[in-house]
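Student: Could you walk me through this structure, one feature after another?
Tutor: Gladly; let us look at it together.

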Amino acid sequence: MKQKALFYISGFVIAVVVLVAIAAPLIAPQDPYQVFEGQLMVAPLSGAGVNGAPTFILGSDDLGRDLLSRLIYGAQNSLMIGALSTLFSLLIGGLLGLVCGYWGGSVDFVIMRLMDLLLSIPSTLLAILVVAILGPSLTNTIIAVGVVSLPFFVRVTRAQVMNEKVKDYVQASRTMGGGLVHVLSWTLFPNVWPPLLVQATLSVSDGILNAAALGFLGLGAQPPTPEWGVMLSDGRSFLESAWWLVTLPGICLLATVLCLNLFGDGLRDLLDPKARKAR
Amino acid sequence: MKIWLIKRLGLFLITAIGMSILSFLVLRLVPGDPVQLLIGERGAAPEIYAKLRQNLGLDRPLLEQYFLFVKNFLSGDLGISIVSQRPVWQEFMDRFPATLELSAFSLLWSLPLGLCLGILAAFKNGTWLDTSTMSISLVGYSMPIFWWGLILIMIFSVRLGWTPVSGRIALMYDPATVTGFYLIDTLISGEGFRSALVHLILPAFVLGTIPLATVSRITRSSLIEVLGEEYIKALKARGFSSKYILFVHALRNAFIPILTTIGVLVGSLLTGAILTETLFSWPGIGRWFVQSVTSRDYPVVQSGILLLGLMITFINLIVDSLYGVVNPRLRAR
Amino acid sequence: MSSPGANPYVKVQDHSITFRNQKSRGYALRNFSFTAAKGEVIGIVGESGSGKSILGLSLLGLLPESAIVDTREVILGGEKILLTSKSDLRKVRGPILGMIFQDPVNSLDPCYTIGYQLKEVLQRNPKVKNWLTEARQLLEGVGIADGERRLGSYPHELSGGLCQRVQIALALAQNPKVLIADEPTTALDVTIQKQVMELLMRKREEYDFTLILISHDLGLISQYCDRTLVLYAGEKMEEGPAVEVLRHSRHPYTRALLEALPYHDEGLLKPIPGLVPDLREMPKGCVFYGRCERQTEMCQTVKPQLTTDGTHGFFCHHPHPVKEQHGASRV
């Protein structure tokens, strides 16, 4: 019962975050880049601003930008990075996994060794390495984060395909003359997707976390882009004077990642009861 | 057993070669001319350009470059850092003890605590103790640790003033290097121990958060799985106490996944807790690596990644060989 | 515990087990009673889901917490046992009541050698001075010829049959007064099944324990048991000397069971229609109502009482007539 409730609550929070991200231009009170002069580090809820400046509901940052608007656009950026990087690794990893699982042999061996290699490098280190090659930017963050979760998708798909391809229904489809594409798309895919969906949910959360870490290190999104990791890094210098600059982006980040993890776990219990192991 | 070990060693070698190719390619994969990147936009005289190119070995055929790189690496020549103009190996050895000290200290508290919490949660499965332990562990698992560190700095360093904000020891102390561990070196030299300890506590606490969460989670789940096995029931039927069964039989059977997790954790901590070190300005290899990437110090990046990669692969090899010791069933494979 | 003497050797009186979860309660065993003498072999037979496996675990206090055990009296090896008392249960497990599980390979800890697992048990037995000689003897006794070498083997290195022998040796190591064998041969090859059963029979003579053989296999029961209890949906249907119950079965359920056997020789194999009833609802009348050939309206509302016919008892309003020789030439 408790598990179910957590699943719904986390799903609800994710839905809210997604809606906020999509509707960012509509609901953000200010332009996230607009600098209000003389309004530096206004505390949250501290009344209407002077000189015609708006009220900063969650305060303003060290350059006089509205924190709430930046957080809202930060959600947009974080979710976009999480989603796109997951898409990247889902497509490439899924394809590689399919190739490995379906044909096996030496192709499988080479690809799997390569994946082991990627897997053995700690995620932050690997992401930094990719950024070191490509240079720091938002786009490269997506690729770097995608590369980090690539091996997981390859493994999941491969295992799933290997499991399913020996089963009767796939064999039947093959003997009945189903072409490769037909076999893959009509018989294999419908049975392979549940664990991939679970993996994708968890990968979005990892992606968001890793992207924020890169942003924090100055190797991801670059200022003045409103991104939670970058905002945390900017806020570092004002720990003493402006607590909200560090506290609020972190809470957004933690809440989003936590809910995605909870949702992913719940999804796994729902779709794949056999694999109910903690990670 | 022998065949098994040889197979492991073979895989280790393959991975090591892969690592060397990967790190070798880093410099060559950079879009544009790495030498030009190094010089920057101001440009340099052609002689200097040519010399730099030669220093990096970029004027030779790719395959030759690779074998030279491997040969130099094996003979201990990891190149010269562009930023500090010192050998990369020396730079590495200067920083490695700091990383080692920090990771050891963080694992020292988090692993035993994580194990105990996991065991307790599995043993009291379904009670409030289990629920609360696992909730904390889930939050810890999702925690952006750079933010967690910032919050702790804000509370303990800025507000309460209990711990220093950053660094490894107060500037007034410079303990003579004996072991490289400041906690031990300051004890030997007789001054600064308190300072070293106070500097270490917060980073070690932050760094231990994720290991605590992961270890307690995996311990609990694998123990619960084992406790449901038929042989546990059979042992109970033979009259052994639950505690005896837990410590002698269940834990050993549950230990493989726990060991794997610990291996991954140790590997990732030893290669520099990148975020924690950056956050606390801890002079370890993680921070050094990030700085090198930021300043495009390619010789450091190239040799560094290989060095770190080999360390991780080696730890994995050790963990792998421990499997057979813990669970004889795996030896047969 | 009271002193032995007047007590029967094994007695279980009005033993009920219910399972409870958040939503519902279901009974797994209802008012189950039986007695057994020292050295006797009792067979408990029933379909899967009849509650037969739960009986053994409940006597050892090994059911999950969601199970509620309600019993009037349990006597094992001549001693009164309180299933609610932890110290009683501790005494029972091993020295008084031993158990052999269905899956021999998974009933042994894969991380330890056979020798270690024997040593563990033997060292609990105060009478054993030298565990090693004892362990060798035990292995030899269960027909493992190269016991010396096998002491250093891990369970995964042994076959299922060998593992079952080891399990028997582990149970015998504590010299139990009662031994429950829960489907001891189901997981084994047919050729091995017989060897294991013969071994159990030999050991029973040697150690003089009461053997409770739980099985779905009527052939096995009739071949090796002195007395048989037929269990259906948690309730006893028929009991008596094994040969009597199977040759002259009175209860329609026992008959149905026999007719569902593949080597039943009166024509075609006849499955029992319907399914085991939902254990969440407690029927007022006979639990076999709904699947029974001989049922009448009375069966739905009135619970049948024990009817005896010499040594042979059954719970049925409409039993089969006595004299009919029932096809059990091979059973």
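Tutor: We will take the chains, their contacts, a helix pair and a pair of domains in turn.

Student: What should I know before I start reading?
Tutor: This is a predicted model, in which local features need pLDDT of at least 70 and side-chain atom pairs count only at pLDDT 80 or more, while totals for chains, interfaces and linings use all residues. Residues are numbered from 1 along each chain as its sequence is written, and chains are lettered from A and ligands numbered from 1 in the order in which they are written.

Student: How many helices and strands are there in chain A?
Tutor: Helices (H or I, at least four residues) and strands (E, at least two) are DSSP runs, numbered from the N terminus. Chain A has ten helices and zero strands, so its pattern along the sequence reads α-α-α-α-α-α-α-α-α-α.

Student: What share of chain A counts as buried?
Tutor: A residue is buried if 20 or more other C-beta atoms, placed from the backbone, lie within 10 Å of its own; with 12 or fewer it is exposed, and in between partly exposed. In chain A, 49% of the 279 residues count as buried.

Student: Which pair of chains has the most contacts?
Tutor: Two residues are in contact if their C-beta atoms, placed from the backbone, lie within 7 Å. Two pairs of chains touch, and the most contacts are between chains A and B. There, 41 residues of chain B are in contact with 36 residues of chain A. Several helices of chain B each supply at least two residues to that side, including α1 (2–29), α9 (193–227) and α14 (298–326).

Student: How do the residues on that side of chain B divide by class?
Tutor: Ala, Val, Leu, Ile, Met, Phe, Trp, Tyr, Cys and Pro count as nonpolar, Asp, Glu, Lys and Arg as charged, and the others, Gly among them, as polar. The side of chain B that touches chain A has 27 nonpolar, twelve polar and two charged residues.

Student: And what does chain B do with chain C?
Tutor: 16 residues of chain B are in contact with 19 residues of chain C. On the chain B side, α10(B) gives the largest share, six residues. That side divides into five nonpolar, four polar and seven charged residues. Chain A and chain C have no contact, and their closest C-alpha atoms lie 10 Å apart.

Student: At what angle do α11(B) and α14(B) pack?
Tutor: Axes are lines fitted to C-alpha atoms, for helices over the stretch in contact, and angles run from 0 to 180 degrees between N-to-C directions. For α11(B) and α14(B) the angle is about 170°, with the axes 9 Å apart. That makes the two helices roughly antiparallel, a term for angles over 145 degrees. Among the residues making the contact are B:F255 and B:L259 of α11(B), and B:I315 and B:V319 of α14(B). By class, the contact has twelve nonpolar, four polar and one charged residues.

Student: Which domains does chain C have?
Tutor: Domain bounds come from an automatic or database domain assignment. For chain C this assignment gives domain 1 (10–225) and domain 2 (230–315). Their centres, taken over C-alpha atoms, are 27 Å apart. Between them, 22 residues of domain 1 are in contact with 18 residues of domain 2. On the domain 1 side, β2(C) gives the most, with eight residues. That side holds ten nonpolar, eight polar and four charged residues.

Note on methods. Angles under 35 degrees count as roughly parallel, over 145 as roughly antiparallel, 65 to 115 as roughly perpendicular and the rest as oblique.
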